[in-house]
Amino acid sequence: MARRLHDDLGAMFTAAKLDMTRLKRAWPEAAPSAAGERLAHLDSMLDDGVALKRRLIETLSPAALHHLGLRAAIEFLVADFRRRSGIAVALDAHEVALAEPARIVVYRLVQECLHNLQRHSGAEAVGVGLRAEQGEGRGRVGDDGRGFDPARVPPERHGLLELRQRIAALGGRLEVRSAPGRGTRIEAHLPLQPRAAP
């Protein structure tokens, strides 16, 4: 989806911007100002569309994840979270040999958990981990916040269910441990990528 957005929308926006540049050059200086204002507004909307496309692509397919690896991408997420929230985060992240779909799922898990705990948990300390253990890759986020009852998550909050389904589709499992007043620990277990034959 990110590639299609990049290629298809990118081509459309590029063509529209080129046409806009030609229109502005051809527009007589003495033309009515209302039409000139509409052109400027249209040009601004095109710029906003290009910026939105970039944000969507980054959300769907983070550049740091693809260019620097999962560990570095998680380090960026954690650094940004610390800066925005002021919450202390203990990070224990190692490179783990996961296939690309699994790397994206672990990245999304950390991203979703940090977002949710900032909004709902009241946590003062957070732990984020990434490591290979017992033949599988494990990504986890834990906090000392107010916790919740996993059996009573409202249906409109479908983030955990969606993550659980995506992880299961990759042959993994998601563990959610939480209780009111006792914090939360969410951990993804995913199969390691098989080593290439020599």
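**Exercise 1. Which residues does Glu-136 touch in this predicted model, leaving out residues up to four places away in sequence?**

Solution. 
- Step 1: Glu-136 is in strand E3, residues 136-143.
- Step 2: List its contacts. Glu-136 touches Arg-131, Arg-173, His-189, Leu-190 and Leu-192, with residues up to four places away in sequence not counted.

**Exercise 2. Is Glu-136 buried or exposed?**

Solution. 
- Step 1: Take the value. Glu-136 has 14% relative accessibility.
- Step 2: Apply the cut-off. Buried means under 20%.
- Step 3: Conclude. Glu-136 therefore counts as buried.

**Exercise 3. Describe strand E4 and its pairing with E5.**

Solution. 
- Step 1: Sort the faces of E4, residues 173-178. Leu-174, Val-176 and Ser-178 form the covered face, while Arg-173, Glu-175 and Arg-177 form the uncovered one.
- Step 2: Find the partner. E4 pairs with E5, residues 184-191, in the antiparallel sense, over six bridges.
- Step 3: Thr-184 in E5 stands opposite Ser-178.
- Step 4: Look at the turn. Five residues lie between the strands of this hairpin, and Gly-181 takes a positive phi near 80 degrees.

**Exercise 4. How are the axes of helices H4 and H5 arranged?**

Solution. 
- Step 1: Read the geometry. The axes of H4 (residues 70-85) and H5 (residues 100-120) come within 10 Å and cross at roughly 10 degrees.
- Step 2: Classify. H4 is therefore roughly parallel to H5.
- Step 3: Name the contact residues. They include Leu-77 and Phe-81 of H4, and Val-110 and Leu-114 of H5.
- Step 4: Sort the contact by class. The H4 contact with H5 has 11 nonpolar, three polar and two charged residues.

Terms used
Residues are numbered from 1 along each chain as its sequence is written. This is a predicted model: local features need pLDDT of at least 70, side-chain atom pairs count only at pLDDT 80 or more; totals for chains, interfaces and linings use all residues. Side-chain values use heavy atoms; hydrogens and water are left out. Buried means under 20% relative accessible area, exposed over 50%, partly exposed in between (1.4 Å probe, protein chains only). Helices (H or I, at least four residues) and strands (E, at least two) are DSSP runs, numbered from the N terminus. Two strands pair if DSSP finds at least two bridges between them. Axes are lines fitted to C-alpha atoms, for helices over the stretch in contact, and angles run from 0 to 180 degrees between N-to-C directions. Angles under 35 degrees count as roughly parallel, over 145 as roughly antiparallel, 65 to 115 as roughly perpendicular and the rest as oblique. Contact means heavy atoms within 4.5 Å. Ala, Val, Leu, Ile, Met, Phe, Trp, Tyr, Cys and Pro count as nonpolar, Asp, Glu, Lys and Arg as charged, and the others, Gly among them, as polar.
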